[in-house]
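Hi,

Here is the structure I promised to pass on.

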Amino acid sequence: MEIDHAELLKTLFGQHQKLKDYLQHVAQDIGRPEGELDCTEKDLVQFHKDLVAHLALEDKVFYPEVFRILKRSGMDSRPTEIFFAEMQKIAAVVEEFLAKYKTKEDILKNKKDFSDEFGSIAKKLALRVAAEEEGVYMYLA
Ligand SMILES: [Fe+2]
């Protein structure tokens, strides 16, 4: 079956936006002077679910489609393969972080560590999102 590129991109951009909104929400949360996190366990679990769904769509549908297009047009797919491997490394680091902070209690118990690690995770994820939107997503545009 043919993949509807416009529809797929619309879904992927929408998922990115949702993930970015969450990261921004937590970043604001962390910056609160009173230091209480207002991000709930439900938000955290939902973010994880959204991220897993997004990565699955990219890994199983989007990237295979990009490689198919590159192959069909006789283009060198190596840079994209290297890029894809880099993106998977970022996903693994984020997964590790989410496994460590599963509940609000996990966060509140190690608030300083969480804040420090969150900053680096958010940066990595933002980098992946921007790199995809400005790079590989264009193959399907
Ligand atoms: Fe993505």
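H1 passes H2 with a left-handed crossing. Keep in mind that this is a predicted model. H1 covers residues 5-30 and H2 covers residues 41-72, and the two pack at an angle of about 150° with their axes 10 Å apart. Angles over 145 degrees count as roughly antiparallel, so that is how H1 and H2 run relative to each other.

Which residues meet there? From H1 come Leu8, Thr11, Leu12, Gln15, Lys18, Leu19 and Tyr22. H2 brings Asp43, Phe47, Asp50, Leu51, His54, Leu57, Glu58, Val61 and Phe62 to the contact. Sorted by class, the contact of H1 with H2 holds 9 nonpolar, 3 polar and 4 charged residues.

Now for the other pair, H3 and H5. H3 spans residues 78-100 and H5 spans residues 111-134; they pack at about 150°, and their axes are 10 Å apart. That angle makes H3 roughly antiparallel to H5. The crossing of H3 and H5 is left-handed.

On the H3 side, the residues in this contact are Met87, Ile90, Val93, Val94 and Phe97. They meet Glu117, Ile121, Lys124, Leu125 and Arg128 of H5. By class, the contact of H3 with H5 has 7 nonpolar and 3 charged residues, and no polar ones.

If you open the model, you could start with Leu12 in H1 and Phe47 in H2, which are among the residues of the H1 and H2 contact, and then go to Val94 in H3 and Ile121 in H5, which are among those where H3 meets H5.

Cheers

How values were computed: Residues numbered from 1 in each chain as written. Predicted model: local features only at pLDDT ≥ 70, side-chain atom pairs only at ≥ 80, totals over all residues. Axes fitted to C-alpha atoms, helices over the stretch in contact; angles between N-to-C directions. Helix = DSSP H or I, 4+ residues; strand = E, 2+ residues; numbered from the N terminus. Parallel < 35°, antiparallel > 145°, perpendicular 65-115°, else oblique. Left-handed = near helix turned anticlockwise from the far one by under 90°. Contact = placed C-beta atoms within 7 Å. Nonpolar A, V, L, I, M, F, W, Y, C, P; charged D, E, K, R; others polar.
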